[in-house]
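Hello,

Here is the structure for you to look over. My notes on what was found follow below.

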Amino acid sequence: MGPSGALVELSGVGRRYSVGSNEVVALADVSLRVAAEDLVVVLGPSGSGKTTLLNIIGALDSPSEGRVVVAGQDITRASRKELFAFRRHGVSFVFQTFNLFPALTALENVEFGADAAGQDHVREVARCWIASGSPSERLTSPTSCWAASSNGSDRAPLASGNPILLADEPTGELDFQTGIQILELLHAQAHTGRAVLVVTHNREIARVADRVVELSSGHVVRDGPPEGGQLEIADLRW
Ligand SMILES: Nc1ncnc2c1ncn2[C@@H]1O[C@H](COP(=O)(O)OP(=O)(O)OP(=O)(O)O)[C@@H](O)[C@H]1O
Ligand SMILES: [Mg+2]
């Protein structure tokens, strides 16, 4: 944990990208703390910096400025070796898109994650996902793969003991019932002592969180309880 007892601690974090002669500001002066057992929803429109924020917390991307301490480790000062260990044991991702490392195949990418977590069943799930057909089917196939591999009792991508769980639009293209199931699983994860950050652009989904961090053009424009009050997942409609 960081000095404040938070599992995730960002101070003055910015991320700029150069695009030709232009500069895109993806994140600007973001300061944020997330404690164990927090379920935080990161809300914002497309392009507001949600994925950039998650990737920086997960050490898949580095900030242009600021400091990031996750699970007690200053990942802005870590060596490559330390970062490698951090990605294995510090964070778990539930991804919006599939491919992580362009040089690896999709299967190799997920197998990398499986080896990292030491979980054979993750590999099984990976094979099921990747074998499951067309790109459009791919979006809905994870759930059936999870169900097939675990009788619905546990969910492979959520099953590692890593203290931080990061989910980027986990309900994105899923049907309502499946989306609800995933939210329930993420919610339960927070109750096991993890810090859970869930990205969405859906205001209704955001209402199941303890806390909503809202981004607009890379800035945190709101950080507090959900607008309109917190909702039980069972009462959710979208
Ligand atoms: N690799 C990159 N190179 C250049 N610009 C980038 C890159 N990655 C992100 N950006 C820009 O940074 C900004 C934030 O992008 P980000 O992907 O974090 O947004 P987002 O909130 O996740 O959007 P979405 O809801 O569409 O997933 C956008 O303007 C995006 O175009
Ligand atoms: Mg995104």
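Start at the ligand: a polar side-chain atom of Ser46 lies 2.5 Å from an oxygen atom of ligand 1. An oxygen atom of ligand 1 is also 2.7 Å from a side-chain N or O atom of Lys50. For the side chain of Thr52, the corresponding distance is 2.5 Å. The protein covers 63% of the 630 Å² of accessible area that ligand 1 has on its own (Shrake-Rupley method, 1.4 Å probe).

Before going on, two notes. This is a predicted model: local features need pLDDT of at least 70, side-chain atom pairs count only at pLDDT 80 or more, and totals for chains, interfaces and linings use all residues. Residues are numbered from 1 along each chain as written, chains are lettered from A and ligands numbered from 1 in written order, and side-chain values use heavy atoms, without hydrogens and water.

Now the sheet. Four strands (DSSP runs of at least two residues) form an open, antiparallel sheet in the order E2-E1-E4-E5. Strands pair if DSSP finds at least two bridges between them. E2 (22-34) and E5 are the edge strands, each pairing on one side only. Helix H1 (residues 50-57) packs on the sheet and touches E1, E2 and E4 (65-70). Touching means heavy atoms within 4.5 Å; helices are DSSP runs (H or I) of at least four residues. Nine bridges join E1 (residues 8-19) to E2. Arg16 stands opposite Val25 in E2.

Last, Asp74 in strand E5. Asp74 is buried, at 14% relative accessible area (buried is under 20%, with a 1.4 Å probe and protein chains only).

Best wishes

Terms used
Buried means under 20% relative accessible area, exposed over 50%, partly exposed in between (1.4 Å probe, protein chains only). Axes are lines fitted to C-alpha atoms, for helices over the stretch in contact, and angles run from 0 to 180 degrees between N-to-C directions. A polar contact is a pair of N or O atoms within 3.5 Å; within protein, one must be able to donate a hydrogen and the other to accept it, and residues adjacent in sequence count only if both atoms are side-chain atoms.
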